[in-house]
Amino acid sequence: MRRRNWFLFSALCFGFAFLYGPILSLIVYSFNESRLVTVWSGFSTRWYGELFRDPQIIDAALLSLRIAAVNATFAVALGTLAGLAVARFGRFRGRTLFTGMIAAPLVMPEVITGLSLLLLFVTLEAAVGWPSGRGVTTITIAHITFSMAYVAVIVQSRLSTMDASVEEAALDLGARPWKVFLVITLPIIAPALVAGWLLAFTLSLDDLVIASFVSGPGASTLPMVVFSKVRLGVSPDVNALATIIVGVVTLAVIVSGWLMIRSERRRERDVQAALADRS
Amino acid sequence: MSGAASEEPSGSGRRRAFWLSGRGLVSSIPYLWLLLFFLLPFAIVLKISLAEPIIAQPPFTPLFGPDGSLQATIDNFLFLLEDSLYIVAYLNSLKIAGISTLLCLLIGYPMAYGIARSPRAIRNILLLLVILPFWTSFLLRVYAWMGILRNNGLINNLLMWLGVIDQPIQMMNSDFAIYIGITYSYLPFMILPLYAALERLSPDLVEAAEDLGCRPWKAFLTITLPLSVPGIIAGSLLVFIPAVGEFVIPSLLGGPDSLMIGRVLWDEFFGNRDWPVASAVAIALLLVLVIPIMLFQRMNLRREGA
């Protein structure tokens, strides 16, 4: 027993070192004076200054954030409907195809999704004149299509672990289905919706391949600009960008974890109070 | 599943009632979206893979000629078979994805097991640490390895400083670098389903076997491993299928000889601007992946039914 624990402990240490070593190296060398990323020559924040003075990076970052926010909002709306249909509607005609279309985008190679969506947009434009040209709209539609699948999976798994008898009780008492959804289901699955929104936001912010296929002239997202930079070799301002992203993500995770623990405690207190009232 | 459907009349009348009800409306919005933007595009890819490239906008011949006759050709697919580059790229992609999946399993299984067996208080923190890298940019995590594996990168500098080597080892632009990149990027996708399978497994089973005199490794092989097979399959599919079509990792870390099909498709489309051949490559890739994708879908359905 002891020996196995020791083995598992070292496996965890090795695994986490493997996961975090590269990220740490990005952060450390973002503060390096030298242009040669991996030769240390002294502490400096000059690459952060260069990053913020690069209008190409700033424009691309703003565009990516905008697309990510619109995408996440639509993806949560569509993904919630899809998750609800799969988890609550029993068997309906076309259900197998429906679940297949939700599962497949999770594993579909990005080059296939990107190419197929581009060809769809080109064909649609030739046939009905929409979308005219490619750019922000087509990137957003493409992102919604694959991120809604992730949201649907999250919502569906939350719904399947939730106690459906609360909904059934409200229905039995005469509440209309949409009211049950708004008053009972939605508050219970709200954490899943927040998680889905954040995930969809990140997926969109991160996507290079699909955006490259369906983008047009003038619409360069942040990953597209970063890719064209790093393709030529390592560049220190990309390290600075990575450090900012890692910092923001870590902060967001800590804050959301803290909020979750706080709301959980408050809920427990409310339950205690309600029980005390009754006795 | 909800029991409400059983109150409705059976047969086609029930089906029609479903689609006319509010529930039908709820499911038809995402349904139509996915039909239009996920399924229909594949039909168009298939159509264009049967067209001929021309210099025009769009750069392929229409499926029906001006006189209404069908203009389909399988030349693009024959071309894929004739030029050994494509076959080599397909086989190489399958090989690289397979080996990387195995590496993910070798690193991910002990980690998932370690997390599942750790005290409940720190389990969620460890899980969060597995997921956290996934929230930071994928592109930048691949880029991090460029700085580590380069000739004057972190590993070579360290080894030369230690005096282990006096010439840098060539690690970048090789299949080795691609293995590292894929294993690194996809490791969380392997660990999460493995953890889900191992966490459900009661440690009492293994303890009972050991109390009865079973050796630890035998208890692992006969109890833990077989019971975690669903997790192994789910994790392997989540890594293998997207890895076969990977583009970013081979193009940043791989060399000119490390051909992968995702990169070939990209070059065919952006470099040669040959849309029909790029479509044929996509259809062929889809045919290779259709069995693992269906397996993945069946696992999802079974998990949902359980």
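User: What makes the nonpolar surface patch of chain B, and how many Å² does it have?

Analyst: In this predicted model, Ile74(B), Leu78(B), Leu81(B), Ile87(B) and Leu91(B) make a nonpolar surface patch of about 480 Å². Areas come from the Shrake-Rupley method with a 1.4 Å probe, and for residues only the protein chains shown count as cover.

User: Why is Ile74(B) called exposed?

Analyst: Its relative accessible area is 52%, and exposed means over 50%, buried under 20%, partly exposed in between. Ile74(B) is therefore exposed.

User: Is Leu159(A) buried or exposed, and how do you know?

Analyst: Leu159(A) has a relative accessible area of 0%, so this residue is buried.

User: What is the area buried between chain A and chain B?

Analyst: About 8,400 Å² is buried, and carbon and sulfur atoms give 80% of that area. Buried area is the accessible area (1.4 Å probe) that two parts lose on being put together, summed over both. The contact takes 91 residues from chain A and 91 residues from chain B. Between these chains the count of salt bridges is 0.

User: How are residues and chains labelled, and which limits apply?

Analyst: Residues are numbered from 1 along each chain as its sequence is written, and chains are lettered from A and ligands numbered from 1 in the order in which they are written. Local features need pLDDT of at least 70, side-chain atom pairs count only at pLDDT 80 or more, totals for chains, interfaces and linings use all residues, and side-chain values use heavy atoms, with hydrogens and water left out.

Note on methods
Patches are made of residues with over 30% relative accessible area and no salt bridge: like charges are joined within 9 Å, nonpolar side chains (Val, Leu, Ile, Met, Phe, Trp, Tyr) within 5 Å. A salt bridge is a side-chain nitrogen of Lys or Arg within 4 Å of a carboxyl oxygen of Asp or Glu. Buried means under 20% relative accessible area, exposed over 50%, partly exposed in between (1.4 Å probe, protein chains only). Contact means heavy atoms within 4.5 Å.
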